[in-house]
Amino acid sequence: MAHVWLIGMMGSGKSTVGRLVAGHLDRPFYDTDATVEATAGMTIMEIFERFGEDGFRERERTAVAEITDDAAGVVATGGGAILDPVNVETMRNAGTVVLLSVEPDVLIARVADNEDRPLLLDGIERAIRSIDRARSGLYRSSADVVVDASHPIETVAEEVEAICNAL
Ligand code: S3P
């Protein structure tokens, strides 16, 4: 199995599902946000404050590229990783890209207590709806497989696991 890259909106469950699936398959779990934070020694909120979104995206691109060299596993990506075509190409060349697709209403409920996502600081509902509108085509065109991830997280994990086992 090469890497399985989970993409999707903030709140789509990438990290929780990824960790569960990797655990069940006894594979490494990677998280681009966690890699960026560990490398920078700063939270994502601090990186956005000090270096802006561009500074964060640059670090995110480095994290995606570095993870391709690691042992095959399940990777949770930050919601905006697909904005950079280089990342999409890197991910597709290094495994299978799985979109966790979730309706905006469900996302809004899931991220309601957000404190660590800079893009949601000015109003969660408006931000989620506008980001979803702007990115939904890109998410679909970047994905090899689309999973309806509005279901409970364990059900979604089972589906992703089945995809991994079929690869
Ligand atoms: C972002 C999503 C976040 C994080 C950053 C930007 C985005 O990750 O990378 O706040 O642009 O959608 P999650 O999708 O894990 O929340």
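**Notebook: the ligand and the pockets**

I began with the shell around the ligand and found that helix 3 (residues 44-67) gives the largest share of that shell, three residues, where helices (H or I, at least four residues) and strands (E, at least two) are DSSP runs numbered from the N terminus. I kept in mind that this is a predicted model, in which local features need pLDDT of at least 70 and side-chain atom pairs count only at pLDDT 80 or more, while totals for chains, interfaces and linings use all residues. Residues are numbered from 1 along each chain as its sequence is written, and side-chain values use heavy atoms, with hydrogens and water left out.

Next I looked up the whole shell: 13 residues surround the ligand, and the closest are Lys14, Asp33, Arg57, Arg117 and Arg135, a residue being near if one of its heavy atoms lies within 4 Å. By class, this shell holds five nonpolar, three polar and five charged residues; here Ala, Val, Leu, Ile, Met, Phe, Trp, Tyr, Cys and Pro count as nonpolar, Asp, Glu, Lys and Arg as charged, and the others, Gly among them, as polar.

I then checked the distances to oxygen atoms of the ligand. A polar side-chain atom of Arg57 lies 2.7 Å from one such oxygen, and a side-chain N or O atom of Arg135 is 2.8 Å from an oxygen of the ligand. For Gly80 I noted a polar backbone atom, 3.3 Å from a ligand oxygen. The ligand taken alone exposes 390 Å², of which the protein buries 94%, with areas from the Shrake-Rupley method and a 1.4 Å probe.

Where does the ligand sit? I found the ligand in the largest pocket, where sitting there requires that more than half of its atoms lie within 2 Å of the grid points. A pocket is an open set of points on a 1 Å grid over the protein atoms alone, with protein on both sides within 12 Å along at least five of seven lines, and lining residues have an atom within 4 Å of a point. The volume of the largest pocket is about 630 Å³, and 28 residues line this pocket, with Met10, Lys14, Ser15, Asp33 and Arg117 nearest its centre. Helix 3 contributes the most to this lining, with five residues.

Last, I turned to the second largest pocket, which holds about 200 Å³ of space. Its lining has 16 residues, and nearest its centre lie Ser101, Val102, Asp132, Ser136 and Arg140. Helix 6 supplies the largest share of that lining, four residues.

How values were computed. A polar contact is a pair of N or O atoms within 3.5 Å; within protein, one must be able to donate a hydrogen and the other to accept it, and residues adjacent in sequence count only if both atoms are side-chain atoms. On a 1 Å grid over the protein atoms alone, a cavity is a set of points where a 1.4 Å probe fits but cannot get out, and a pocket is an open set with protein on both sides within 12 Å along at least five of seven lines; lining residues have an atom within 4 Å of a point. Grid points are joined across faces, edges and corners, and a volume is the space filled by probe spheres set on the points.
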